[in-house]
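Please keep the sequence and the coordinates open while reading.

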Amino acid sequence: MADKLLAVENVSRHYKLPKQALFRPAPVLTAVDQASFDLERGQTLGIVGESGSGKSTLAKMVMAFEPPDTGRILFQGQDINALDAGELRLLRQDFQMVFQDPFGSLDPRRTVAWSIGEPMRAIGRAAPAEIRIRVAEVLEQVGLTAKDGLKFPHEFSGGQRQRIAIARAISTRPALLVADEAVSALDVSVQAQILNLLMDLQADLGLSMLFISHDLAVVASICDKVIVLQKGRILEAGDTGHVLGNPAHEYTRSLVAAARM
Amino acid sequence: MNTRYLPANLVIGAILVVLTLGVALLSVFWTPYDYTQLDIVHKFQGPSAAHWLGTDQLGRDLLSQLMAGAGNSMAVAVTAVVLGGSIGTALGLLASAYGGWVEDIVMRLSDLSFAFPALLFAIMLAAAFGPSLPNVVVAIAFINVPIFARVARASANQIWTREYVFAARAAGLGKFAISRDHILPNIAAPIIVQATIEFALAILIEAALSYLGLGAQPPSPSWGRMLSEAQTLMYLAPQLAIYPGLSIVVAVLGFGLLGDGLRDVTDPRLSRER
Ligand SMILES: Nc1ncnc2c1ncn2[C@@H]1O[C@H](COP(=O)(O)OP(=O)(O)O)[C@@H](O)[C@H]1O
Ligand SMILES: [Mg+2]
């Protein structure tokens, strides 16, 4: 049996919408509907789907920002929603996230080094000097310099800020990196650089990745396996080449067409 | 935001505030005369080289009284707004961070207090616990708690949806640490704006309570008390009412304008509508 890092089992998530009529119950939106999948160590799994298909909701649940309404999420065999707050906080160093908005994922009032050091400070095991060394190390790993740590986020371009976000995410040596539309806000040429960086880091660090994008072209370039999501349901799943080569559903074909591949 | 052209309300407000605070601060170290010093022979004097603004019905130097009154007024307003503002902000942060019943309790309490006119509440408190400046401070602070709780909660709710807050959660930070490290620094601007506006109101309430005899007690100087003492002498010596009245207007207007101006430059959403 392959080494399962992440197992998502029958996970659903419902959102109550604002009440529309006084005497009718508030309508419920099913953002994720009975989704199940596994992620093996060292693998990159892509999740693709149009906007609103539930990709970010899935990411939020994998990151334990929100609990699922049904089902379980097992990380390294542990149900992340069954852990107590302290255990979960400790486990968090092993699964980190890169967000979509390179202008939103760094606190504008904090220096880059401060933000990168935050996960290590949260764990509370490393001395300030160790953290400083590690911050410089990851900055260099993502193609920046230790000196860049003294600057504030607004002094960087979108691509550089995404590098900073990646540096921060790998600072605790996680096993899993969740990237939700991590390159979608970037210019195409910058996208390629960030994708290359992610692939290099994955090879060097043995990271597993859950790579989420509405853009099939991006997913195809980086993922071993892919899941196609529509209205919260997994429509098809399998090896990237296979799914994209012979899409079983019209929806997948339209995504392939939209990506102009 | 265009910082090259500061709005007029900000500039005028800042000038008036600096003037008021400067005078208040100066009064701590120096006034031309002891404001309690009686000099019946020289009562009701007009402006002169010895007494720049003249003297009152007991021959006390008016300028000295006004300056000392400024000191009192600012001390009350600062203490009350900082006290009420800190407690209110903390409650608002708590409500925003923990939600659920914590939020319900904080918000219902603040609803309750909003149903109550502020001045009326201050009068009741002063009536219950006796007239004194410390009680005025407590009353004004109390009024400010729900106001800041609301502003802090509303602003904090917005910050909680920012990606850097999710990033902090992913880092393993708890709600308290996130509130301290990310939420509070990023809601400082609206809190400071609110504080400036509440400061103007605090000056007004202190003056009103002292005017009603519920605040500063003789011989403690206060603009409100000067006004009430001048009331019976309105026809004989209107300047005795005009000076403290003007002082109140300048201080309240100054902080009010400064608060508006700060809001304009820190909240692009509102200033764009202008
Ligand atoms: N907090 C929320 N409250 C209500 N509805 C939400 C919330 N978050 C997401 N949704 C809804 O859930 C659906 C899936 O959203 P999302 O997971 O963000 O999709 P994607 O990331 O694929 O674009 C959308 O219809 C969205 O409007
Ligand atoms: Mg999304």
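A polar contact is a pair of N or O atoms within 3.5 Å; within protein, one must be able to donate a hydrogen and the other to accept it, and residues adjacent in sequence count only if both atoms are side-chain atoms. The side chains of Arg13(A) and Glu66(A) are joined by such a contact, at 3.0 Å.

This is a predicted model: local features need pLDDT of at least 70, side-chain atom pairs count only at pLDDT 80 or more, and totals for chains, interfaces and linings use all residues. Residues are numbered from 1 along each chain as its sequence is written, chains are lettered from A and ligands numbered from 1 in the order in which they are written, and side-chain values use heavy atoms, with hydrogens and water left out.

**Ligand 1**

- The residues around ligand 1 (a heavy atom within 4 Å) are Tyr15(A), Leu29(A), Ala31(A), Glu50(A), Ser51(A), Gly52(A), Ser53(A), Gly54(A), Lys55(A), Ser56(A) and Thr57(A).
- By class, this shell has three nonpolar, six polar and two charged residues. Nonpolar covers Ala, Val, Leu, Ile, Met, Phe, Trp, Tyr, Cys and Pro; charged covers Asp, Glu, Lys and Arg; the others, Gly among them, are polar.
- β2 (28-40) and α1 (55-62) of chain A each supply at least two shell residues. α1(A) gives the most, with three. Helices (H or I, at least four residues) and strands (E, at least two) are DSSP runs, numbered from the N terminus.
- An oxygen atom of ligand 1 lies 2.7 Å from a backbone N or O atom of Gly52(A).
- For Lys55(A), a polar side-chain atom is 2.9 Å from a ligand 1 oxygen atom.
- A side-chain N or O atom of Ser56(A) is 2.8 Å from an oxygen atom of ligand 1.
- Taken alone, ligand 1 exposes 560 Å², and the protein buries 64% of that. Accessible areas come from the Shrake-Rupley method with a 1.4 Å probe; for residues, only the protein chains shown count as cover.

**Nonpolar cores**

- A nonpolar core is a set of buried Ala, Val, Leu, Ile, Met, Phe, Trp, Tyr and Cys residues joined through side-chain atoms within 4.5 Å. Buried means under 20% relative accessible area, exposed over 50%, partly exposed in between (1.4 Å probe, protein chains only).
- The largest core has 63 residues; Met74(B), Ile183(B), Ile203(B) and Trp223(B) have the most contacts inside it.
- α5(B) gives the most to this core, with 14 residues.
- A second, separate core has 46 residues, including Met120(A), Val142(A), Ala179(A) and Val228(A).
- Beyond four places in sequence, Met74(B) touches residues including Phe199(B), Ile203(B), Trp223(B) and Phe255(B). Contact means heavy atoms within 4.5 Å.

**Arg13(A)**

- Arg13(A) lies in strand β1 (residues 4-16) of chain A.
- Arg13(A) counts as buried because its relative accessibility is 14%.
- Residues up to four places away aside, Arg13(A) touches Leu29(A), Ala31(A), Thr57(A) and Glu66(A), among others.

**Ser105(A)**

- Ser105(A) sits in the loop between β6 (95-98) and α3 (112-123) of chain A.
- Ser105(A) has a relative accessible area of 3%, so it is buried.
- Neighbours within four places aside, its contacts are Phe99(A), Ala165(A), Glu163(B), Tyr164(B) and Ala167(B).

**Leu184(B)**

- Helix α7 of chain B holds Leu184(B).
- Leu184(B) counts as partly exposed because its relative accessibility is 39%.
- Neighbours within four places aside, Leu184(B) is in contact with Thr89(B), Leu93(B) and Ser179(B).
- Leu184(B) and Ala152(B) are 32 residues apart along the chain, with their C-alpha atoms separated by 8.5 Å.
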